[in-house]
Amino acid sequence: MSKSDFGLIGLAVMGQNLVLNVESRGFQVSVFNRTTATTDEFIAAHPDKKLVGAHTLEDFVQSLATPRKIQIMVKSSAVADTDRDAVDAVIEQLIPLLDQGDIIIDGGNSYYKATERRDAYLAEKGLRFIGAGVSGGEEGARKGPAIMPGGPTSTWEVMKPIFESIAATAEGEPCVTHIGTGGAGHYVKMIHNGIEYGDMQLICEAYNIFKHAGFTPAELGQIFTDWNNGDLESYLIQITAEIFKQNDPETGKALVDLILDTAGQKGTGKWTILNAVENTVVISTINAAVEARILSSMKDKRVAASAELQGPTASITGEKAALVKKVHDALFASKIISYAQGLDLIKTMGAEKNWGLDLGKIAAIWRGGCIIRARFLNDITDAYRSNPELSNLMLAPFFTKLLNEFQQNWREVVSLATLNGIPVPAFSASLGYYDSYRAAVLPANLLQAQRDFFGAHTYERTDKPRGQFFHTNWPDVIG
Ligand code: 2AM
């Protein structure tokens, strides 16, 4: 039998779908899974496909053409760069079987620091490594995901034909690009997930306002369908419209109303926040989204507190269409802020790491395949293509115009929600960022006075050149 073009280890759903995707583009694919019965079932289910199932890693490796291209799709659980997980276990088993120049691709959701460690470790052994973020869920894996590969340019060049053929396309361009060296691919996938958290929470806040204003699931389904036909068009808005239309077969009620309000998370949002703190970058919208999930998970505490802590009874009246427009503007404006923050973090980290990131290319590959795909990513792509040095997305002329147009309704929505006791942590965090960023003067003069008072940290003066520091002998309050 001829040697395979590509090999994949780990036949869970994502792995299986990626294999079928690669095979459908004309490549012969070898597969291996720790539990061999899964391999047999998979091969048996696809008798007409160019697949080779191996029961041992030795046979698997031998079935591949060199340089071998082996993608690992096993559960990654490393939360620190020192943690060893299933990806490391598979890598260790592969090393003695491979030849110099063979390529291992980790296509799981690995922590970028673990990717950097593996990259350096495998380079020492003469093996090549790509840490690739893959987004798009199970369907994306089968039909075309967005792929965010990081590693040496020369290794990317070898993988490019396969990656480009399996990726989604947007505006005729494949949704894959060489993100950068080292852990850049998994890093950018991590921030993608943080942004995804933000998008989802913002949609939930819009929903919560509408729910308190008495909108039915059917009305919500229509609003989100309409939004998906306009400037908010995106995968997450689209699936939200579908969710509102779904009835529970057992009770006939809207399914969304029967789903318990406690959200889970796998950790990429948390990693994003930790990284933002390390880089001194504000990502308040994503923070709010991660924290909203944490608060949601404290169901019992919330139920207990709801009987003790008072707030207004929500009463939102008025014309529904006007509210829909206002919430649209608040959602869109907050979404712009969320992306501005996430991209600021990517830019800062990329410069720190010397990854050679191109924000225009990153935004471009997010336009298709991935969970955050959205029409407005075209505008983000254009913004960075026309000005790669853009200091903040808010200051791209297209987005400045939108924010100026939306800001009044955005304020009204945050005020309305707040007066009605409806939590809008991500809407308001976004607005707080906007108002802080555009404030020529902030109250940090008082903060500096406080710091100088208790710690003699000194301050600069508005009436003296920058760089001159002053200290005041403040009164003694201890006595
Ligand atoms: P399994 O079918 O043998 O459990 C998702 O869990 C995928 O990762 C599955 O294909 C699973 O294989 C694989 N996996 C998890 N831990 C693994 C390990 N330590 N070694 C190899 N494969 C592993």
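Start at the ligand and show Asn33: an N or O atom in the Asn33 side chain sits 2.7 Å from an oxygen atom of the ligand. That is a polar contact, meaning a pair of N or O atoms within 3.5 Å; within protein, one must be able to donate a hydrogen and the other to accept it, and residues adjacent in sequence count only if both atoms are side-chain atoms. On its own the ligand exposes 480 Å², and the protein buries 76% of that (areas by the Shrake-Rupley method with a 1.4 Å probe; for residues, only the protein chains shown count as cover).

A quick word on what you're looking at: this is a predicted model, where local features need pLDDT of at least 70 and side-chain atom pairs count only at pLDDT 80 or more, while totals for chains, interfaces and linings use all residues. Residues are numbered from 1 along each chain as its sequence is written, and side-chain values use heavy atoms, with hydrogens and water left out.

Now click on Leu11, where a polar backbone atom is 3.3 Å from a ligand oxygen. Lys75 also has a polar backbone atom by a ligand oxygen, at 3.4 Å.

Next, select the residues around the ligand, including Gly10, Ala12, Arg34, Thr35 and Val90 (each has a heavy atom within 4 Å of it). What classes make up this shell? It has five nonpolar, three polar and two charged residues. Here Ala, Val, Leu, Ile, Met, Phe, Trp, Tyr, Cys and Pro count as nonpolar, Asp, Glu, Lys and Arg as charged, and the others, Gly among them, as polar.

Move on to helix 4 (residues 86–94) and helix 5 (residues 112–124), which pack at about 10° with axes 12 Å apart. Axes are lines fitted to C-alpha atoms, for helices over the stretch in contact, and angles run from 0 to 180 degrees between N-to-C directions. Helices (H or I, at least four residues) and strands (E, at least two) are DSSP runs numbered from the N terminus. That angle makes helix 4 roughly parallel to helix 5 (the term covers angles under 35 degrees).

Zoom in on Arg117, found in helix 5. Its side chain reaches the backbone oxygen of Asp83 at 2.9 Å. Leaving out residues up to four places away in sequence, Arg117 touches Asp81, Thr82, Asp83, Arg84 and Asp88 (contact means heavy atoms within 4.5 Å).

Last stop: select Thr66 and Pro67, joined by a cis peptide bond with omega about -10°. Pro67 lies in the loop between helix 3 (57–62) and strand 4 (69–72).

Note on methods:
Parallel < 35°, antiparallel > 145°, perpendicular 65-115°, else oblique.
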